[in-house]
Amino acid sequence: MSPYVLPLLFIAVVWGGIIYMNERYALFSVDQFSSALLKAIAYVWLGAFLLLVTFLVVGSSLHPPTAKDLARVPFFSLFALHGILIVFLLGWWLLTRRPPAGAFLNIPRQRLGEAVMTGFAVGVGGWIATILLALMIALILSAAGVIPKNPQPSPMIGWMAALPLWKKGTIVFSAMTVEEAFFRGWLQKRVGLIFSTLLFALAHSGLGQPLLLIGVAIISLIIGFTFYRTKNLIPGIIAHGVFDGVQLFVIIPIVFKMAGLGG
């Protein structure tokens, strides 16, 4: 059986469930479709998007790049998934009568400074909580024999750790803005915190580091809960940037240097 079958069946069930929930319980109550035809087009647009993302994520998970592969990879190719997210959001925005961007993504103009400071606090606190919880879960899983006792970092992480500062900064900026816009600003307010966190973690499975998914899920829950309480995307964007920035600029390079793994 093809390794794509189960993921595609899962995403088909997700797509069908979303359509059913919207028709039955108005899951997309925040959206305004001017006609039944546009709503049907939106369903097709969502299905095509989910199908494409599933193929990309499963493909990258099944065939993680080696160090030699990464040496030949153009830097801009890292942003292929982010580009797809942007195109999807743009298409959905056009299908829903082009609402104001602030309303579409939950970015109010009021109390911007407070939102930014909240984001920094959540980012720092969330990073500490994520590291502690992830280590605790990793120790339990390792003791149970579920994961190796000394897992090796994937070539992708090592490659990212060796990138120049401006490239790392570009990765962090793209992730904090595009991923938050989709997973919190669009997805969470339609399907809820738990399901959006699950999809957020699955979207990162292509990094080739199962242990990393634990931390991704934890920080997603923390940022998602912040979005749920504040109804503001800005704190999540800042917190996401702080978390990724600390990991990419500080923690990963230090760990690689101490372990003598190199770039």
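How many residues line the second largest pocket, and which of them lie nearest its centre? In this predicted model, the lining consists of 18 residues, and those nearest the centre are Ile 11, Val 53, Thr 54, Leu 199 and Leu 202.

**Second largest pocket**
- Two or more lining residues come from each of helix 1 (5–25), helix 2 (36–62), helix 4 (80–95), helix 8 (165–191) and helix 9 (193–203).
- Helix 2 supplies the largest share of the lining, with six residues.
- By residue class, the lining has 16 nonpolar residues, two polar and no charged.
- The volume of this pocket is about 340 Å³.

**Nonpolar cores**
- The largest nonpolar core contains 49 residues, and Leu 46, Phe 49, Phe 88, Trp 92, Phe 182 and Trp 186 have the most contacts inside it.
- Helix 8 contributes the most to this core, nine residues.
- Another core, of five residues, lies apart from the largest one and includes Ile 219, Ile 223, Ala 239 and Phe 243.
- Neighbours within four places in sequence aside, Trp 92 contacts Phe 28, Asp 31, Phe 33, Ala 42, Trp 45, Leu 46, Phe 104, Trp 186 and Arg 190.

**Asn 22**
- Asn 22 is part of helix 1.
- Asn 22 counts as buried because its relative accessibility is 10%, and buried means under 20%.
- A polar atom of the Asn 22 side chain lies 3.2 Å from the backbone nitrogen of Leu 27.
- With neighbours within four places in sequence left aside, the contacts of Asn 22 are Leu 27, Phe 28, Lys 39 and Tyr 43.

Definitions and conventions
Residues are numbered from 1 along each chain as its sequence is written. This is a predicted model: local features need pLDDT of at least 70, side-chain atom pairs count only at pLDDT 80 or more; totals for chains, interfaces and linings use all residues. Side-chain values use heavy atoms; hydrogens and water are left out. On a 1 Å grid over the protein atoms alone, a cavity is a set of points where a 1.4 Å probe fits but cannot get out, and a pocket is an open set with protein on both sides within 12 Å along at least five of seven lines; lining residues have an atom within 4 Å of a point. Grid points are joined across faces, edges and corners, and a volume is the space filled by probe spheres set on the points. Helices (H or I, at least four residues) and strands (E, at least two) are DSSP runs, numbered from the N terminus. Ala, Val, Leu, Ile, Met, Phe, Trp, Tyr, Cys and Pro count as nonpolar, Asp, Glu, Lys and Arg as charged, and the others, Gly among them, as polar. A nonpolar core is a set of buried Ala, Val, Leu, Ile, Met, Phe, Trp, Tyr and Cys residues joined through side-chain atoms within 4.5 Å. Buried means under 20% relative accessible area, exposed over 50%, partly exposed in between (1.4 Å probe, protein chains only). Contact means heavy atoms within 4.5 Å. A polar contact is a pair of N or O atoms within 3.5 Å; within protein, one must be able to donate a hydrogen and the other to accept it, and residues adjacent in sequence count only if both atoms are side-chain atoms.
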